[in-house]
Amino acid sequence: MEDLAIQIDHVSKIYKLYEKPSDRMKEALGFGRHVKATEKYALNDVSFDVKRGETVGIIGTNGSGKSTILKIITGVLNPSMGNVNINGRISALLELGAGFNMEYNGIENVYLNGTMIGFSKEEIDAKLNDILAFADIGEYVYQPVKTYSSGMFVRLAFAVAINIDPEILIVDEALSVGDVFFQSKCYHKFEEFKKLGKTILFVSHDLSSISKYCDRVVLLNQGVKLAEGGPKEMIDLYKKVLVNQVDESDLEEFKEDDAEDSLIANAQTESEDPAGSTQKPGKKNKKKSGGKKNAMAANGQSAEGRVLWKDSLTLNPALSEYGSKLAEIEDFAMIDDQGNITNSLIKGSVFTVKMRIRFHETVQEPIFAYTIKNLKGEEITGTNSMLEHVDTQSTKDGDVYEISYEQEMNLQGGEYLMSFGCTGYHDGNFTVYHRLYDVCNITVISDKDSVGYYDMNAKVSMTKNGVTKL
């Protein structure tokens, strides 16, 4: 199809693992009838498409097949089965220094890489100044690249890859090597590429970058494609993979529905109601805050008959929840500076995040956490009891903990999502006891916003002709 830049069709990559190195040679020489070899699938029947102009991320744990699929797309490896169709000129930045001759200097390697991609000397001549300016490695460009630091290496490699006007750019984790200023320059170039309608395929363990730059994300695990979809959903699913909490129902959910839609619709139609009391998605709630009285009027109750705090909040009907349930987050609240349980907070005011956790087994030093994300799923802020150096001690079956975090709301006005978690180490292994992702929205009300996600509360002074005005 003309609108597809990359088409991956049932691709598998199989490697043979031999008991002895000599067995590989025997098989290569035709004496492998009795050689024992185990087949290892680096990729197993993977299919997905990348449309023109899309930025698609690939995420997964180590050994999931991310780099293998990129090498197959770029022609470094051949698939054992399946087909790959590419519609456009590819520039790839895979393993650090791939395609560089260590004995050549920087400029010679620029011409070598450009020629390998398919550019003529005249075309590279026209791009050379841009490449050298982007790399910004000074006189080192005239030295053999074997003398470069890893940072200089990636600067030159990325400068070549991104400045030769490719139709498809493929990047595999290379940006993690450069310094913060170079990374900023690269991501700015990504934005330019997106505006020009270029196609980017991006592998990274930096989930914030995946969330910020990708239109769609493919999640791989042990060579198999688990799911694909929006960055937020795939990142949340990936976090489940990391703690072995994915089951078939999670995968079916992503096939059938977008778990975020209902909450975003709810958040976008939220009224100026400071209480944010429970309502149906898409309906304006004009009910005024009743503060603690409103909380007491809620219908929900705990096992002891206690009125639940969370019943005074607007909750996400499609939240993501998982964990071993050795402990359960049975209640939570956001409380404003007037003592009201509410989804709406005034910028600059003091508020409290509160959790109530019930334990069903002995747990050593549990960790209680909350995270605030934007609607794209980027983690904006948050903390946990370990970071705050709280001694949570050991629990036993039946213990109930309540933990409160008091802080000032300095986020910019807008909509955010709140997540809660209880984790720790059980039998020496990191364990998720209970997580609630995007369980409710936060509306920050502000009459003055600055640049970015949060306000640094600048104190402004000014003089005119030597006289202080502010």
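Which residues in H4 meet which residues in H5? Point 2 takes this up. The model is predicted.

1. **Overall make-up.** The protein has 11 helices and 21 strands. Of its 470 residues, 49% count as buried. Take the contacts with a separation of 6 or more: residues 24 or more positions apart account for 69% of them.

2. **H4 and H5: who meets whom.** Here is the reply to the opening question. From H4 come Lys127, Asp130, Ile131, Phe134 and Ala135. They meet Arg155, Leu156, Phe158, Ala159, Val160, Ile162 and Asn163 in H5. Sorted by class, this contact of H4 with H5 holds 8 nonpolar, 1 polar and 3 charged residues.

3. **H4 and H5: geometry.** Helix H4 spans residues 121–135, and helix H5 spans residues 150–163. Their axes come within 8 Å and cross at roughly 140°. H4 is therefore oblique to H5. The cut-off matters here, because only angles over 145 degrees count as roughly antiparallel. H4 passes H5 in a right-handed crossing.

4. **H3 and H4: geometry.** H4 also pairs with helix H3, residues 106–117. The axes of H3 and H4 come within 10 Å and cross at roughly 130°. So H3 and H4 are oblique to each other. Their crossing is right-handed.

5. **H3 and H4: who meets whom.** H3 brings Ile107, Val110, Tyr111, Gly114 and Thr115 to the contact. On the H4 side they meet Lys121, Ile124, Asp125, Leu128, Ile131 and Leu132. The residues of this contact divide into 7 nonpolar, 2 polar and 2 charged. Look at Ile131 in H4: this residue is listed in the contact with H3 and in the contact with H5.

6. **Salt bridges: Arg216 and Glu54.** How many salt bridges does the structure hold? There are 21. One of them joins Arg216 to Glu54, with the closest N and O atoms 2.7 Å apart. This pair links distant parts of the chain, 162 residues apart. Arg216 sits in strand E8 (residues 216–221). Glu54 sits in the loop between strand E2 (37–51) and strand E3 (55–59). Are these two residues buried or exposed? Both Arg216 and Glu54 are buried.

7. **Salt bridges: Arg306 and Asp331.** In the bridge between Arg306 and Asp331, the closest N and O atoms are 3.1 Å apart. Distant parts of the chain are linked here too, 25 residues apart. Arg306 is in the loop between helix H11 (291–296) and strand E10 (320–322). Asp331 is in strand E11 (residues 327–335). The relative accessible area of Asp331 is 0%, so Asp331 is buried.

8. **Salt bridges: Glu402 and Arg356.** The side chains of Glu402 and Arg356 meet in a salt bridge at 3.0 Å, N to O. Glu402 lies in strand E17 (residues 400–408), and Arg356 lies in strand E13 (residues 350–359). The pair therefore ties together parts that are 46 residues apart in sequence. What about accessibility? Glu402 counts as partly exposed because its relative accessibility is 45%. Arg356 counts as buried because its value is 10%.

9. Some salt bridges share partners. Through them, Glu54, Arg216, Lys225 and Glu228 join into one network. Glu54 and Arg216 are the buried pair from point 6.

Key
Residues numbered from 1 in each chain as written. Predicted model: local features only at pLDDT ≥ 70, side-chain atom pairs only at ≥ 80, totals over all residues. Heavy atoms only, no water. Axes fitted to C-alpha atoms, helices over the stretch in contact; angles between N-to-C directions. Helix = DSSP H or I, 4+ residues; strand = E, 2+ residues; numbered from the N terminus. Parallel < 35°, antiparallel > 145°, perpendicular 65-115°, else oblique. Left-handed = near helix turned anticlockwise from the far one by under 90°. Contact = heavy atoms within 4.5 Å. Nonpolar A, V, L, I, M, F, W, Y, C, P; charged D, E, K, R; others polar. Salt bridge = Lys/Arg side-chain N within 4 Å of Asp/Glu carboxyl O. Buried < 20%, exposed > 50% of the residue type's maximum accessible area, 1.4 Å probe, protein only.
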